[in-house]
Amino acid sequence: MKYVNPTPIRTSINYGINSFAVADELINMGAVQYAPQTALVPTGKSNVKYANTLGQTFDDKLKFAHCYTILDSSNKLVTFDFDNENATYNTYITVSENVNTNILINVKNSNFNFSACKIDVCKNAHVNLMFLCNFDKNSTNFMQFDVNLSDFAKLNTYFINFGSKTSVANYHANLNGENSTNNLYSIYLGKDDNKLDLNFHMDVYGKNSNAIMKVIGALQDSADKHFKGTINLHKGCTKSVGDETEECLMLSNTAHSIAMPNILCDEEDVNGKHATSVGKVDDKVLFYLMSRGLTKQEAIMLVVNAGFQNIISLIPPVFPTTEILKQTLKELNYEN
Amino acid sequence: MNKTKVDDINTAWFDFVDADNFEFKMTAGIDENIVREISKQKNEPQWVLDLRLKALQIYEKLPMPTWGPDLSELNMNEISTYVRPRAKKQTSWDDVPENIKQTFDKLGIPKAEREYLAGVGAQYDSEVVYHSIKDELIKKGVIYTDFDSAIREYPDLVKKYFSKCTPLSEHKFIALHYAVFSGGSFVYVPKGVKLDQPLQSYFRLNSPESGQFEHTLIIVEEGASLHFIEGCSAPKYSKINLHAGCVELFVMDGATLRYSTIENWAKNMMNLNTKKAIVGKDANMIWVSGSFGSHISMLYPMSILSGENARTEYTGISFAGATQNLDTGFKVVHAAPHTKSIVSAKSISKNGGISTYRGLVRIMPNAAHSSCSVSCDGLMLDDISRSDTIPVNDVGTADVQFSHEAKVGKISEKAIFYLMSRGLTREDAVALIVRGFANPISKELPMEYAVEMNRLINLELVGGIG
């Protein structure tokens, strides 16, 4: 047994929220390398360059570190399909200066998945990036995302996490450039005895930058969720904004939610805030919906879905939002 | 652009020093011989010595905290754990030695006693030198005495509750506390007795390179109510002093306890204090806490809401100036249905001071229909200070209402502009905002302490600095 996914700081209690226990068999499969400081992702120059990535789909079952540089703007999707059992993916994407692009990283049907993904967003590049995780319900997944943003770079990250028995995600963004923005929107759904460990971390160095996290989720059955969100406003990041919110809807009395929303502030001239809320579906809302003919289950799922819509509605239409919506309903057992 | 200067908390007037005129000062360090000697000096029963020795074993085994501020400056080999002043416990200020009486006079304790307190305890270094309580309260069965006397005079009560709220093994410094504890207060409020005026214990540490380890045990029986005020200060020395006290509070069914603390330790003090309350059915525990002094503080009061419909409120403010690292917060465990907690924490940091809110809310699976609201605000007054918020929210049932919000930043220029457009100077506008920021705390304090706190947050306002 080994512990991974630590937060950069320690809490006054010490009962597992700081790190995630990994079984021995997973250690042998490489999961122990899962931590920002031991990322597998190479930092050298790209070994593959695609001059034209319009609508390009990469599905060549990557097993080793592959690097891509996106050179051209496009409204279409650049898609990476990772679909394999017992896979280890290691991907490094560079988005060149002044490029506007949409990237979809589609991971599904893994038994065991360990993916490390590094993305550099160069000066004035604007990127919409979606991680769509649709795992087998018995799978184990470790995902590591490492993001660097240069001056005026903007990255909207949509992290949609469905399925899997154990899902451990570590997202680390460095807002190095001035006027850089990272909006991280995430949806999670825990069912059965799922374990979710989400460790989202943003380091803000550049002036006038925006580090925004918005996380919405629901927990059913005996699902156990640990959310660790940290926005670190470093000295010199004047006029920057750090804002994180997490909303967790508890649909079962046996579900368990731990939230640790941290704001670390070493700079005076910033605006940092966070908010978390946990609760069940309001009885009055349920009563109203049921008086309109819905069953209790339908009413609950409608409310949960409405919460998710707060994020889904932000996703640009170039992404498969309909599929996400369909998948959401399926996960919520609300599909005909 | 104009910058407004807000002064550090002015604790200098607490820094007057008495001659280190002790009757007995324990050799520095901590080992079994020292623990046995403390027990011998205090002429304690065997069961207390046994508890001390057990605590010492635990202390030696437990590691230093792996989180929070750096405690490497603390060298227990340089700390004397027991200092007995040249004074016996008195019930009249006239009998207290003149130098010690003068100390408490300067701190305003006798005056406060005359004007609005129902009882006072005053501890000087490791021993209580003055304790009094109004006769009418004695007639009602209220016990308010120093902890050493309580061990001798009320052994059954003490044995029943002592170390039951805060066990020996909770952390390294609580184990240290139990090994060398001395002084402190014991309060017992019988069933249904409501005290109209507060009781106050004041702890003064005068001796350099020493520690204060007072134990406060308060039992508020069913339907009773009490307001207890704790004050503490020490003069500043160049070497580290240590405060590792312990407060155990039992708030029985339907009782109310308000526990107010104004802490002005000198800036060479490590304040590693532990405070915990167990709150019964329909009972109410209110914490009001002002942390202004100390070099390093690790202070996280805790309420365990063990009875149905129990409530707790925490209102706290900390002001971290130069060389200060104040790591404070509040912990609450909802362990019964229909329990409620409200947490409001504020911090101000300046001149390189570090303020951290480190809190915990745990709602147990059996705590259905509970609600919790946490609010943290951090105000940074310059660009060399630091303010962190590190909460943990652990919810184990669906049927709850839980919300947490925190904000950190500087004083809004818009707010200053607005107030200036209404005719205030920039300095007055900033002063108004800072006082307004601290107001939720000061309004929870008795009037005299609110005035005191406002005096501590002494604003020196200088305009025109670029």
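Arg386(B) and Asp388(B) form a salt bridge in which the closest N and O atoms are 3.0 Å apart, a salt bridge being a side-chain nitrogen of Lys or Arg within 4 Å of a carboxyl oxygen of Asp or Glu. Both Arg386(B) and Asp388(B) are buried, where buried means under 20% relative accessible area, exposed over 50% and partly exposed in between, computed with a 1.4 Å probe on protein chains only. Salt bridges that share partners join Lys235(A), Asp266(A), Arg386(B) and Asp388(B) into one network. This is a predicted model, in which local features need pLDDT of at least 70 and side-chain atom pairs count only at pLDDT 80 or more, while totals for chains, interfaces and linings use all residues. Residues are numbered from 1 along each chain as its sequence is written, chains are lettered from A and ligands numbered from 1 in the order in which they are written, and side-chain values use heavy atoms, with hydrogens and water left out.

**Interface between chains A and B**

- Between chain A and chain B there are three salt bridges, including the one that Asp266(A) forms with Arg386(B), whose closest N and O atoms are 3.3 Å apart.
- On each side of the interface the contact set is given by residue: 38 residues of chain A are in contact with 38 residues of chain B, contact meaning heavy atoms within 4.5 Å.
- The two chains bury about 3100 Å² between them, with 49% of it on carbon and sulfur atoms; buried area is the accessible area (1.4 Å probe) that two parts lose on being put together, summed over both.

**Salt bridges within chain B**

- Over all chains, a search of the whole structure finds 25 salt bridges.
- One of them pairs Glu170(B) with Lys276(B), the closest N and O atoms being 2.6 Å apart, and this pair links distant parts of the chain, 106 residues apart, with Glu170(B) in the loop between helix H7 (155–161) and helix H8 (172–180) and Lys276(B) in strand S15 (residues 274–279) of chain B; helices (H or I, at least four residues) and strands (E, at least two) are DSSP runs, numbered from the N terminus.
- Glu170(B) is partly exposed, with a relative accessible area of 32%, whereas Lys276(B) is buried, with a relative accessible area of 6%.
- Lys346(B) and Asp377(B) also meet through their side chains in a salt bridge (3.1 Å, N to O), which links strand S22 to strand S24 of chain B across 31 residues.
- Lys346(B) counts as buried at 12% relative accessibility, and Asp377(B) counts as buried at 17%.

**Cavities**

- The whole structure holds five cavities of 30 Å³ or more, a cavity being a set of points, on a 1 Å grid over the protein atoms alone, where a 1.4 Å probe fits but cannot get out, and lining residues being those with an atom within 4 Å of a point.
- The largest cavity has a volume of about 160 Å³, and of the 20 residues that line this cavity, the closest to its centre are Thr328(B), Ala345(B), Lys346(B), Ser347(B) and Tyr357(B).
- Several strands of chain B, among them S22 and S24, each supply at least two residues of that lining, and the largest share, four residues, comes from S19(B).
- By class, the lining of the largest cavity divides into six nonpolar, 10 polar and four charged residues, where Ala, Val, Leu, Ile, Met, Phe, Trp, Tyr, Cys and Pro count as nonpolar, Asp, Glu, Lys and Arg as charged, and the others, Gly among them, as polar.
- The second largest cavity has a volume of about 60 Å³ and is lined by 11 residues, of which Phe82(A), Ile105(A), Ser115(A), Cys117(A) and Phe145(A) lie nearest its centre.
- S8(A) gives the most to the lining of the second largest cavity, with three residues, and this lining has nine nonpolar, two polar and no charged residues.

**Chain B as a whole, and Lys350(B)**

- The secondary structure of chain B comes to 11 helices and 26 strands, and buried residues make up 65% of its 466 residues.
- Among contacts in chain B between residues at least 6 apart in sequence, 84% join residues at least 24 apart.
- Lys350(B) is found in the loop between strand S22 (340–349) and strand S23 (354–363), and counts as buried at 5% relative accessibility.
- The C-alpha atoms of Lys350(B) and Ala320(B) are separated by 6.4 Å, although these residues are 30 apart along the chain.

Technical notes. 1 Å grid on protein atoms, 1.4 Å probe; cavity = no way out; pocket = protein on both sides within 12 Å on 5 of 7 lines; lining within 4 Å. Points joined across faces, edges and corners; volume = space filled by probe spheres on them.
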